[in-house]
Amino acid sequence: MRIKSLLAGAVAALALSGPALAQDIAITNGRILTGTSVIEKGTVVIRGGKVVSVGTGAAPAGLKVVDATGKVVTPGLVAVDAGLGGSEISSVTGSNDLGNAANSLTAAFDVSYGLDPWSFALPVARLGGITRAVVMPRHAGSGSGHAHDDSDFAGAGHGGFQTPGLFAGQAAVIKLNSGTDILVKPRVAMVAPFGEAGARVAGGARGAEFVLFKETLAEVRLYARNKAAYERAGLRGLSLSRADLEALIPVANGTMPLVVTVRRASDILQVLRLAQEEGVKVILDSAEEGWMVADQIAAARVPVLVNALANLPASLEMRGARMQNAAALHAAGVVIAIKGSDGTGRIREMRYNAGNAVSHGLPFDAALAAITVNPARIFGFEGQFGELKAGAAGDVVVWSGDPLEPLSQPSAVVVDGVEQPLQSRTLMLRDRYRTGGEGAMPPAYPQ
């Protein structure tokens, strides 16, 4: 019996990560929140991993039917500023592949190569309704984790390269299916700290970082125009490695967005000015004092990744933090995405954070958009996921109630047309030890 129990456990564990074929599914009779509209007692039809229709008609014949009567149906949630697949335990260095301290590889650091589809955190996040995530490298100004020690200062370091690096690296988009192929697209954005963290990187002053940033882009453009000269050592010495120079070309020409961690209102205005001067496409991350300059952010058409729970002056650059920030930014016309709580294991709390934003003035439909369609739009995936419409990925969650209410739980999670197991290692351990029955203890232990 012990061997049988162990084999059953092993099969259950493998089921969490094994590949599966897309199904043809019809989700019927639910209250459908498409991400942009509401359909009462609607039907979502998925074929070949894609949504083919969303409406009020009956389910086509021959499809697997999921009855969502009395339930709420939403697109799969999309997490931003996530560490999913790149960090198991942030404080355990060997399991954290989100931060890189090598000065010869900064902007070129690509988190997609360190992704772990067997991470215990992925099923936990999926149980929170998350089906896609933007995984970002960490730096000294990130919500959690540090890529560089605060005592570092700017200058020419080992090999003549800038040290520490001004850029944290490049983000990737993943999907939270139960198979091993979780990467959707690598190198979707560059990440860099500004404000206090960026000032430390540049030598201690904010003004120094802006000058350093402009000089870095000038070097990148010089390199891009003179690659042949660089190859034959006919170009002056540059402060970045070749890999970093190559990685920054799309940032310099405005085709890759730069995610800027910035908090203080005055710093936000300077970042907007810098983006305009340099022709750089920016996304503001955190922006706790964003409400103070919301009109300027909206006028610049710059989106914001909001920490909706920030309401304390944790530092002098967050003196104006308030929980009405998300509501004020939205009211001004800023496209916002709401982040999860710090730490990989708590990213699933983003829907709770969206609910808190609603309680502080953000309309419900805007809060739902901030964790579904808006993140996809911000990172260049509008229409591909994050909403229920024909042609979008078949990512659907059926909820027992209001998806922003903590007591509501998924009764079905579908990723790319495949219904996912509602299981995680934490739940398996709970079930194993809760009753104390057969298989609760390893065979080596006496019963």
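Rings of Phe, Tyr and Trp (its six-membered ring) were taken to pair if their centres lie within 6.5 Å, with planes under 30 degrees apart counted as stacked, over 60 as edge-to-face and the rest as tilted. The structure is a predicted model, in which local features need pLDDT of at least 70 and side-chain atom pairs count only at pLDDT 80 or more, while totals for chains, interfaces and linings use all residues. Residues are numbered from 1 along each chain as its sequence is written, and side-chain values use heavy atoms, with hydrogens and water left out.

Under the ring criterion, five aromatic pairs were counted. Phe194 and Phe213 form an edge-to-face pair, at 5.7 Å centre to centre and 65° between the planes. This pair links distant parts of the chain, 19 residues apart: Phe194 lies in the loop between strand S9 (183–193) and helix H3 (195–202), and Phe213 in helix H4 (residues 206–225). Helices (H or I, at least four residues) and strands (E, at least two) are DSSP runs, numbered from the N terminus. Both Phe194 and Phe213 are buried (under 20% relative accessible area; exposed is over 50%, partly exposed in between; 1.4 Å probe, protein chains only). Tyr223 and Tyr230 form another edge-to-face pair, with 5.0 Å between centres and 85° between the planes. Tyr223 is buried at 1% relative accessibility, whereas Tyr230 is partly exposed at 26%. One aromatic cluster is formed by Phe167, Phe194, Phe210 and Phe213.

Charges over rings (NZ of Lys or CZ of Arg within 6 Å of the ring centre and within 35 degrees of the ring normal) were also examined. The charged end of Arg322 sits over the ring of Trp291, 4.5 Å from its centre. Arg425 lies over the face of Phe120, at 4.5 Å from the ring centre.
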